[in-house]
Amino acid sequence: NIYIYYPRSLGGGHKRLFRKVGDRAAEYHKDEHFSRANDGNSYIYEELLQTEGTDVKVYAVGPQYAHAEARKSPVIDGKVM
């Protein structure tokens, strides 16, 4: 499971990403806020890009090449194609 935590300035909550089950690969929980400070786990902090409903996957194919694909984000209707 991967969790994406949203700042309260963007509405807060978190999204849990998981291996695709049927047509779903994520669940959003807008009313659940967690404190992650000093819990003994490791975190990666990244700025999320606003893509207006498009997911972008980037695949590293060796040290000098990467391939990217864009598709409709499941954020639109909750379904993964």
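Predicted model: local features only at pLDDT ≥ 70, side-chain atom pairs only at ≥ 80, totals over all residues.
## Surface and burial

Of the 81 residues in the protein, 11% are buried.

## Strands and contacts

What is the chain built from? There are 5 strands and 0 helices, so the order of elements from the N terminus reads β-β-β-β-β.

Now for contacts along the chain. Taking the contacts in the protein with a separation of 6 or more, 14% are between residues 24 or more positions apart.

## Two aromatic pairs

How many aromatic pairs turn up in a search of the whole structure? The search finds 2. One of them joins Tyr3 and Tyr5: the ring centres are 6.3 Å apart and the planes meet at 20°, which makes the pair stacked because planes under 30 degrees apart count that way. Tyr3 is partly exposed, at 38% relative accessibility, and Tyr5 is partly exposed too, with a relative accessible area of 26%.

Tyr6 and Tyr28 also pair up, with ring centres 5.9 Å apart and planes at 75°, so this pair is edge-to-face. It links distant parts of the chain, as the two residues are 22 residues apart. Tyr6 sits in the loop between strand S1 (2-5) and strand S2 (14-21), while Tyr28 belongs to strand S3 (residues 24-29).

Are Tyr6 and Tyr28 buried, exposed or in between? Tyr6 has a relative accessible area of 21%, so Tyr6 counts as partly exposed; buried would mean under 20%. Tyr28 is partly exposed as well, at 43%.

How values were computed: Residues numbered from 1 in each chain as written. Heavy atoms only, no water. Phe/Tyr/Trp six-rings, centres within 6.5 Å; stacked < 30°, edge-to-face > 60°. Buried < 20%, exposed > 50% of the residue type's maximum accessible area, 1.4 Å probe, protein only. Helix = DSSP H or I, 4+ residues; strand = E, 2+ residues; numbered from the N terminus. Contact = heavy atoms within 4.5 Å.
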